[in-house]
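Subject: Structure handover

Hello,

Here is the structure for your files. Please open it alongside this message, as the notes below refer to residues by number.

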Amino acid sequence: MKWTEGIDKLGLGLYFLLCTFAIANIYSVNKDLGEKQLIFFGISLFVGLIIFVSRSKFFENMSSIIYIGGILLLLGLFPFGTEILGQKNWYKFGGITMQPVEFSKIGVSLMLANYVSGSEFNLKNRKSLITVFGIIAIPAAVVLAIPDVGSLLVFTAFFIALYREGLSGKLFLIGGLFGAVFLIANYLNDPLQWSLWYFTLFILVIGGIWFAFNAAFLRKNIYTLLPGAGIVLLLAALSFISPVIFEKLPKHQQERVEVLYKGEREFRDTSGYNLLYSKTAIGSGGMFGKGFREGSVTQGKFVPEQETDYIFCTVGEEWGFVGSAVLVLSYMIYIGRIYYLAEKQKSVFNRVFGYSFASILLMHFSINLGMVMGLFPTVGIPLPYFSYGGSSLLAFSIMTFIFFKLNYADKNSLV
């Protein structure tokens, strides 16, 4: 048997494609940062080589230690962290910075996979359900306290992995409803204070229709409808308290949400500035783009953080619609490939880790592109492998090589 048998060449090929294309675009924005990213990529490959020569069981056996280590790194930010761009979520060692939240996702993925693969795990069991929620909630609570809203949203990716293992899809519907109510209630509250009453009435009507269609259950056992009634009441309450919560947010965070309602031009000098020039850059690229290092917006440094969170607008301007479409398609194939391989794993641990990894990539990819194109508020989510940053690239690369190592071991297993 050849030692290369079991290595997923498509997946690793797409990883190399994304990383090298990213370095080229970062270099276009900032030559020095592009060279640094190339060094980070070399370090990531070295770490990946170490992972590949390690025993696959190492990650399963060390999952709890890696998980606890990730939480301790997050907690250490409160006394030792450095504030950058208004958030104290970085460690700084001389000229080197490190963002521990990126590495905490690795620990949660491994710990979740370890627990779910245990013989006692059963999502229908209340203890199992509380435990998996706790594994996700503990680091998520620390991230919320930092606060880092963008990274907090990414933690919802783990519920996709749990959905594959039997978690009810109703939780996604409920979560979507709460998010929609929060945004719509604030939008309605802006022009008309009393419109909240109509919005609440709408929710209650929908709830009443739901009750009517479930009258048979009501006759059998009234308690079966209590969860639904509780959710309707919570949604109604949220429609009233959302404006109060919204007013407590920092001004710049309020504006980031309001940009969705009013457009970026109204906030062109504050929170809408990045989005305005990001759309300008993407739109100016046309079909085939202006060419490498030929983008006027990119070379003019009009978009702050263009090498990190807003790197996609560089692709749009310099490589055009075709280049952007190729990038998006590459991500979709890559993420889909990981889901596919995860589903094929014989080991539950491997499957859950693969689903967690793919879902984290999916969340980062979706939120970042939505943010750059004005479909989602600016929350500071990097584009995987593509945004400048050693922490992000190294963390995603570690997860990449862990998964492909597990997949390699699975393919070569006799079990």
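Predicted model: local features only at pLDDT ≥ 70, side-chain atom pairs only at ≥ 80, totals over all residues.

Salt bridges

The whole structure has seven salt bridges. Three of them are described here.

E343 pairs with R164, with 2.7 Å between the closest N and O atoms. E343 sits in helix α17 (residues 312–344) and R164 in helix α9 (residues 158–164), so this bridge ties together parts that are 179 residues apart in sequence. E343 is partly exposed, at 36% relative accessibility, and R164 is partly exposed too, at 28%.

R351 and E165 form a salt bridge with an N to O distance of 2.9 Å. Here R351 belongs to helix α18 (residues 348–372), while E165 is in the loop between α9 and α10, so the pair ties together parts 186 residues apart in sequence. R351 and E165 are both buried.

K346 and D410 also meet through their side chains, at 3.6 Å from N to O. K346 is in the loop between α17 and α18 and D410 is in helix α19 (residues 390–411), which makes this a link between distant parts of the chain, 64 residues apart. The two ends fall in separate classes: K346 has 47% relative accessibility and counts as partly exposed, whereas D410 has 5% and counts as buried, because the cut-off for buried is under 20%.

Surface patch

A nonpolar patch on the surface is made up of L129, F133, Y163, L171 and F172, which together have about 420 Å² of accessible area. Helices α7 (126–145) and α10 (170–189) are the elements that each give two or more residues to the patch. F133 is in helix α7 and is partly exposed, with a relative accessible area of 31%.

A buried leucine

L112 is in helix α6 (residues 100–116) and counts as buried, at 0% relative accessibility. L112 and S63 are 49 residues apart in sequence, and their C-alpha atoms are 8.7 Å apart in space.

Regards

Conventions:
Residues numbered from 1 in each chain as written. Heavy atoms only, no water. Patch = residues over 30% accessible without salt bridge, like charges linked within 9 Å, V, L, I, M, F, W, Y side chains within 5 Å. Areas by Shrake-Rupley, 256 points an atom, 1.4 Å probe, with all protein chains shown as cover. Salt bridge = Lys/Arg side-chain N within 4 Å of Asp/Glu carboxyl O. Helix = DSSP H or I, 4+ residues; strand = E, 2+ residues; numbered from the N terminus. Buried < 20%, exposed > 50% of the residue type's maximum accessible area, 1.4 Å probe, protein only.
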